[in-house]
Amino acid sequence: MTLSNASSRLLMFSLGLILWLKLLASPLVQAQEFPAATPVGNHTLGLTAGPFFPIRVLAGQSSKLFGEALMPSWSVTLTEPVGAGWYQGQLALGAEVIAFHTAEPLTAYGVGFTPKLVYTSTAFGRVRPFIEGGGGPMWTDLGGRVPEQPGQFNFLVWGGAGCSYQMTRHWALNAGYRIMHISNAGTRDPNSGLNVGLPFIGLSYQGF
């Protein structure tokens, strides 16, 4: 698969999200009142995807991997809004599965599971900026095929920020950017690890 094919897939995914937005933007939806905050204990299911590209930090990080990632997720709201002003927001605890495919310069796959924390601002109505981060185990068949990965079992640590737009009381459109680091946590040598940047877009359903 070439990078152009990966970009085409992302474009098709984005067009699908736009169609969802148009279908949901009915007069009934527009007439709904949107709560200023998410009720404590509310669950959210999400699905995001995007292309990733290499970020080189250390001299030993020589591989230039390009591909795409898919991230289904779940979270539950833990707190009422805390703080005041623009940083007023709520904390949520969740987990997600990260599945990725590298397209260049070699074909490889990986899957990981990470608990995560999300802080979402509630100060701007339907527009809700957020920051998030997590970490957990990851398996990838890049082990032994790139100099940064001597084995298949690794750990993933990531952090990012984005913005959610509440289209309805239940559905939201999400977009953002995250940085991910994959390494073996010093269990084998070498341990230079891989860093990638990942812009993403997705949908989430909230309210059960």
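Modeller: The lining of the second largest cavity is made of F52, L65, F100, T102, L142, M180, I182, L194 and V196. Please keep in mind that the model is predicted. Strand 3, strand 7 and strand 8 are the elements that each give two or more residues to this lining. By class, 8 of the lining residues are nonpolar and 1 is polar, and none is charged. The volume of this second largest cavity is about 70 Å³.

Rolling a probe the size of a water molecule over the atoms shows where empty space is left. In this structure there are 3 cavities of 30 Å³ or more. The largest cavity has a volume of about 490 Å³. It is lined by 29 residues, and those closest to its centre are T44, S75, V118, T120 and S204. Eight strands are to be named here, as each of them gives two or more residues to the lining of the largest cavity: strand 1 (43-54), strand 2 (66-77), strand 3 (89-104), strand 4 (108-121), strand 5 (127-140), strand 6 (153-166), strand 7 (171-183) and strand 8 (194-206). Strand 1 gives the most, with 5 residues. In the lining of the largest cavity, 9 residues are nonpolar, 15 are polar and 5 are charged.

Methods:
Residues numbered from 1 in each chain as written. Predicted model: local features only at pLDDT ≥ 70, side-chain atom pairs only at ≥ 80, totals over all residues. Heavy atoms only, no water. 1 Å grid on protein atoms, 1.4 Å probe; cavity = no way out; pocket = protein on both sides within 12 Å on 5 of 7 lines; lining within 4 Å. Points joined across faces, edges and corners; volume = space filled by probe spheres on them. Helix = DSSP H or I, 4+ residues; strand = E, 2+ residues; numbered from the N terminus. Nonpolar A, V, L, I, M, F, W, Y, C, P; charged D, E, K, R; others polar.
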